[in-house]
Amino acid sequence: MRWWDIDAVLGLEKNLFPEDAWSRGMFWSELAHSRGPGATRHYVVAEDGERLVGYAGLASSGDLADVQTIAVARDQWGTGLGGRLLTELLRAATAFECAEVMLECRVDNVRAQKLYERFGFEAIGFRRGYYQPGNVDALVMRLDTKSNSGSAAGSPSVQGTEIND
């Protein structure tokens, strides 16, 4: 993901997460930490032709990585794109030398939970009222990258869709 992707990312973000969408400033802040030798973030976008159809981001600190966001356009659900984006984040976690990857997922987002479980993530707890303003709980999930390569699922390609840093 680059700065010129932010407008398209915001459009998808607001469509998919209307109650708790990230702001332009939040994406700028994340991208500011994604380049150079001291980078602690990794963000990618997926494009179908000229159209941005997905994005994902990861933050790292020491030997711990955290999936910050994964989003896939509704018309791309079921194509394997979410798995490809997650695979890219897990590759970044490996490059950052992270021993574990954490994430929070809305308790009502069963589709995402099933994706994470296919990759070996396990539920380890809850964060009550994590998603605001809707006061929706988050399921906390963890993947030990030492015992799981993170490649348990996800097609290596989705025809016509490219993943770009």
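**Reading the model**

Guide: Begin with a loop: Glu97 is found in the loop between α3 (81–95) and β4 (100–106). This is a predicted model, and Glu97 has a positive phi of about 60 degrees there although it is not a glycine.

Visitor: Is the peptide bond from Gln132 to Pro133 cis or trans?

Guide: The bond from Gln132 to Pro133 is cis, and its omega is near 10 degrees. Pro133 has its place in the loop between β5 (122–131) and β6 (136–144).

Visitor: How much confidence does the predictor report for the chain?

Guide: The average pLDDT of the chain is 89, and 88% of the residues score at least 70. Over residues 149–160 the pLDDT is below 50, and this stretch has 19 contacts in the model beyond near neighbours in sequence.

Visitor: How many helices and strands are there, and in what order do they run?

Guide: The chain has 4 helices and 7 strands. Starting at the N terminus, the order is α-α-β-β-β-α-β-α-β-β-β.

Visitor: What do the totals say about burial, surface and contacts?

Guide: The chain has 165 residues, and 45% of them count as buried. Among contacts between residues at least 6 apart in sequence, 61% join residues at least 24 apart.

Visitor: Now the strands. What is the general idea for side chains?

Guide: In a regular strand the side chains alternate between the two faces of the sheet. Here, take β1 (residues 41–48) and β2 (residues 51–61), which pair in the antiparallel sense over 8 bridges. One of the positions to look up is Tyr43, whose bridge partner in β2 is Gly57.

Visitor: What do β1 and β2 form, and how many residues are between them?

Guide: They form a hairpin with 2 residues between the strands. Gly49, in the turn, has a positive phi of about 70 degrees.

Visitor: Why is strand β1 described as largely enclosed by the rest of the structure?

Guide: Because 6 of the 8 residues of β1 are buried, the strand is largely enclosed by the rest of the structure.

Visitor: How should I read a pair of aromatic rings?

Guide: A pair of aromatic rings is described by the distance of the centres and the angle of the planes. This structure holds 5 aromatic pairs. One of them is Trp3 with Trp4, edge-to-face at 5.5 Å centre to centre and 80 degrees between the planes. Trp3 is exposed, with a relative accessible area of 54%, and Trp4 is exposed at 53%. Trp22 and Phe27 form a tilted pair, 4.9 Å centre to centre with 45 degrees between the planes.

Visitor: Are Trp22 and Phe27 buried or exposed?

Guide: Both Trp22 and Phe27 are buried. Together with Tyr55, they form one aromatic cluster.

Visitor: Which residue lies over the face of Tyr131?

Guide: Arg106 lies over that face, at 5.7 Å from the ring centre of Tyr131.

Visitor: Last, how do I relate separation in sequence to separation in space?

Guide: Compare residue numbers with C-alpha distances. Gln113, in helix α4 (residues 110–118), is 26 residues from Leu139 in sequence and 8.6 Å from it in space, C-alpha to C-alpha. Gln113 counts as buried at 12% relative accessibility. Leaving out residues up to four places away in sequence, Gln113 touches Cys105, Arg106, Val107, Asp108, Leu139 and Met141.

Visitor: Where does Arg91 lie, and how far is its C-alpha atom from that of His42?

Guide: Arg91 lies in helix α3 and counts as exposed at 52% relative accessibility. The C-alpha atoms of Arg91 and His42 are separated by 9.9 Å, while the two residues are 49 apart along the chain.

Conventions. Residues are numbered from 1 along each chain as its sequence is written. Side-chain values use heavy atoms; hydrogens and water are left out. Rings of Phe, Tyr and Trp (its six-membered ring) pair if their centres lie within 6.5 Å; planes under 30 degrees apart count as stacked, over 60 as edge-to-face and the rest as tilted. Buried means under 20% relative accessible area, exposed over 50%, partly exposed in between (1.4 Å probe, protein chains only). A charge sits over a ring if NZ of Lys or CZ of Arg is within 6 Å of the ring centre and within 35 degrees of the ring normal. pLDDT is the predictor's confidence in each residue, from 0 to 100. Contact means heavy atoms within 4.5 Å. Two strands pair if DSSP finds at least two bridges between them.
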